[in-house]
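User: I'd like to go through the labels on this model and see what backs each one up. Can you take me through them?

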Amino acid sequence: MREFLNQWMPIDASAHGSQVDDLIVLTHWLMAVLFVIWGAYFLIALYRFSAKRHPRADHLGARTHVSTYGELGVAVVEVILLAGLSIPAWYRWTHLPAKGKNPFEVHIVAEQFAWNVHYPGPDGVFGRTDPKLMTSTNPLGLDPKDPNAKDDIVTLNNLHLPVNRDAVVHITSKDVIHSFKLPVMRSEQDAIPGMDVPIHFTPIKTNDNGDHWEIACAQLCGLGHYRMRGQLFIHSAAEFQKWMSTAPTAFSTQ
């Protein structure tokens, strides 16, 4: 099944991606089993309750408790899936890497129809932002008077991250609900106005060779939704430091 699905799925470039793919494979197997069961039931029902076999309708209906037992069994399976898969997966997803692991943090602010990416700069501290300061040349509202903002880096539709280092991406939106999706990282999270929702993953592959990895918006967000796309760049440690040292700061071109 995995080999079959891999024909259409993007590559897996994250540490946790194999677990997501395992869940996708399991889901497809379960759907295949259900397809066979319900298909067989449909054929049996066509034969068992055909007009030829029962020219007169039976208004009393079923006289057994098979359907009740079936519904109870479905409920038990759903509880097992919820307790055994969903809750543990959500627990791991919502617990960010400890500060001691030195994760790389970045802020992403969505808007119709672009991704604004905010890096803290060499000092590792994000500059202060204020919505009142947002302009066409300052889309994040960085405060030019804040010393911590002087070295901050802002890119549009391009996300650069180092390989083999935990990444924490803080996601929000300036206008409507968007959905930040990194297919190769098996990560997705809605960008909601007024909320800072962090997600985390660990890239384990680079695309310094020129491969294009997409940043997609997976939530219909307006007429320009189709063109709200960006690129993800995963660099080796040396290449990432090189990019950080050469990237223009937020106010260098103003």
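Predicted model: local features only at pLDDT ≥ 70, side-chain atom pairs only at ≥ 80, totals over all residues.

User: Why is Ser14 called buried?

Analyst: Buried means under 20% relative accessible area. Ser14 has 1% relative accessibility, so it counts as buried.

User: And what does Ser14 touch, leaving out residues up to four places away in sequence?

Analyst: Ser14 touches Val184, Met185 and Arg186, and also Thr202, Pro203 and Ile204. Contact here means heavy atoms within 4.5 Å.

User: Which label does Met31 get, and why?

Analyst: Met31 lies in helix 2 as well. Its relative accessible area is 47%, so Met31 is partly exposed: that label covers values between the 20% and 50% cut-offs.

User: What makes up the nonpolar patch on the surface?

Analyst: Its members include Leu23, Met31, Trp38, Tyr41 and Val77, and together the patch residues have about 1,100 Å² of accessible area. Helix 2 (17-48) and helix 3 (66-94) each supply at least two residues, with the largest share, 9 residues, coming from helix 2.

User: Now the inside. Which residues touch the most other members of the largest nonpolar core?

Analyst: Those are Leu159, Leu161, Phe180, Met185 and Leu232, in a core of 35 residues. Strand 1 (residues 104-111) gives the largest share of this core, 4 residues. Leu161 has contacts beyond its neighbours within four places in sequence, among them Phe104, Val106, Phe201, Leu232 and Phe240.

User: How do you know that the buried residues of helix 4 are on the same side?

Analyst: The buried ones in helix 4 (residues 237-246) are Phe240, Trp243 and Met244. They cover an arc of only 100° around the axis, so they end up on the same side of helix 4. On the other side, Ala238, Lys242, Ser245 and Thr246 are exposed. The cover over the buried residues of helix 4 includes strand 1, strand 2 (114-119), strand 3 (153-156), strand 4 (158-162) and strand 10 (229-235).

User: Why is the peptide bond from Gln112 to Phe113 called cis?

Analyst: Its omega is near 0°, and the bond is cis. Phe113 is in the loop between strand 1 and strand 2. For background, most peptide bonds are trans.

User: What is the phi of Asn102, and how exposed is that residue?

Analyst: Asn102 has a positive phi of about 55° although it is not a glycine. You'll find it in the loop between helix 3 and strand 1. With a relative accessible area of 47%, Asn102 is partly exposed.

User: And what about Asn164, where is it and why is it called exposed?

Analyst: Asn164 is in the loop between strand 4 and strand 5 (167-173), and its phi is positive too, about 55°. Its relative accessibility is 57%, so Asn164 counts as exposed, given the cut-off of over 50%.

How values were computed
Residues numbered from 1 in each chain as written. Heavy atoms only, no water. Patch = residues over 30% accessible without salt bridge, like charges linked within 9 Å, V, L, I, M, F, W, Y side chains within 5 Å. Areas by Shrake-Rupley, 256 points an atom, 1.4 Å probe, with all protein chains shown as cover. Salt bridge = Lys/Arg side-chain N within 4 Å of Asp/Glu carboxyl O. Buried < 20%, exposed > 50% of the residue type's maximum accessible area, 1.4 Å probe, protein only. Core = buried A, V, L, I, M, F, W, Y, C linked by side-chain atoms within 4.5 Å. Arc of directions from axis to C-beta.
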